[in-house]
Amino acid sequence: MKNLKFLMIALVAMFGFISCDKDDCNHYDHSTDLVGTWTCLTENFAESLVINADGSVVSTGYHGTKSWEDLGGNIVVENGNVTLTFEDGNTFKGHFDIIPNMAFSIFKEDGSRLTFNYCASDLSDEIVGMWVCTKGQSLETNSMAIQRYTENGKTYLTTEKSAATGNSVVNEEAEYKVIGDLMFINLSGRNLVDGIESYAAVRLMYVPNTNSLGDMMFMSGYAPVNGELEETTSSWLRVKQSLNLAGNAYAYNTAYVTNVKGKDEDFNILGHNFNMANIANGNFDMLFRSELFCVIFPNANTIKQIYRSNGQDVMIDIPISVEGNKVTLDMSASIPVLRKVDMYMFQDADDTQLHMYMPTQSFINYFANLEVVTMMVEGKIDPTDAAAVAKVYADMEARVESINVSFVMKAIELVE
């Protein structure tokens, strides 16, 4: 239905809106058609208009570096023309066309046009919670993004690489406000680089229970790509803000790999070859599916990793510490020469899926640990040889320039 709506708008844009140039239209009262919330989003302009039956208007938006919030005004439509007058003294006039309950356009004297879409519902309550980007980014480039929105208008971003700074950020705060289907983000509190504006906006489309994953939020807007603003779309999955691990078990299902850069060099993990120059989702499928990899949480402080190696089941108990969605695996508790691994874990609303996300350093530590274990099993390394073990980690760090991996695990029943 949403796609049909956008298609209709596109067709109208091609052939012209319903115009009120004719005499029989000049006397038509559009006051009822205008009541509601309307939003407009272009490359450097965003505005929401909340229009009441008496013609009063409340505007929130930004244009370039200028922003405004809850600016009062008045709208009058007469003889096919519209006049918007605001309390700050600004007045806008233009030709007016409308499709009731869908969109209206204002054609200004300079030939430009602003099109406002009608918002049937307000998404300010739906956005509250934690979301993980599953495809594409709006403010982040080539990295996994985790965004939390609170009821008090604060949002917190965690990502390995922010387009605004080029650096990793953890729980970086900003202010936001949702009006209709438009979300305004005030980035002035962040450490921005030159050329990045302090304000941004994205259009939201919310689909509850869209699939087995749960609620999805789709965001479209304009983001810097290679130094230029381009229209982008990203999809976000709602996840729980607190983990419920104890007593749950999950088996490997699939992997998502992004932002891969590294050396063209083969290395071996549990009998499977990897190469950072051409690594992809399928490499992890071959490894974890063939090894029947699964994880069990016997309690909130332990993860049991189970896999099949050379026809034998291997079970490793690893102590974990949990801080929000950050989970630290103390793999050195089982084999002292191994490193601790920090990763992020997320569950859907019904605990039917577990997402295990590893940014670059987590990937390096985790897979270097597996490489050490593989070499120990094959008799290729003495775990008491500190220099040899250190070389394994140094070699892995030299191979991997960057990578983001998200492993999706599906719930399985525990067998007594």
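Which side chain of opposite charge is nearest to Asp-285, and how far away is it? I looked this up in a predicted model, where local features need pLDDT of at least 70, side-chain atom pairs count only at pLDDT 80 or more, and totals for chains, interfaces and linings use all residues. Residues are numbered from 1 along each chain as its sequence is written, and side-chain values use heavy atoms, with hydrogens and water left out.

**Asp-285.** I found Arg-289 at 4.1 Å. Asp-285 is buried and has no salt bridge. Buried means under 20% relative accessible area, exposed over 50%, partly exposed in between (1.4 Å probe, protein chains only). A salt bridge needs a side-chain nitrogen of Lys or Arg within 4 Å of a carboxyl oxygen of Asp or Glu. I placed Asp-285 in helix H4, residues 281-290 (a DSSP run of H or I, at least four residues; strands are E, at least two). Its side chain makes a polar contact with that of Tyr-252 at 2.5 Å (N or O atoms within 3.5 Å, one able to donate a hydrogen and the other to accept it; residues adjacent in sequence count only if both atoms are side-chain atoms).

**Rings.** I noted 20 aromatic pairs (ring centres of Phe, Tyr or the six-membered ring of Trp within 6.5 Å; planes under 30 degrees apart are stacked, over 60 edge-to-face, the rest tilted). Tyr-62 and Tyr-199 are stacked, because their centres are 6.4 Å apart and their planes at 25 degrees. Tyr-62 is in strand E3 and Tyr-199 in strand E14, 137 residues apart. Phe-288 and Phe-407 pair edge-to-face, at 5.3 Å and 75 degrees. I placed Phe-288 in helix H4 and Phe-407 in strand E26, so this pair ties together parts 119 residues apart in sequence. A ring cluster includes Tyr-252, Phe-288 and Phe-407.

Terms used:
Lys and Arg count as positive and Asp and Glu as negative; His and the chain ends are not counted.
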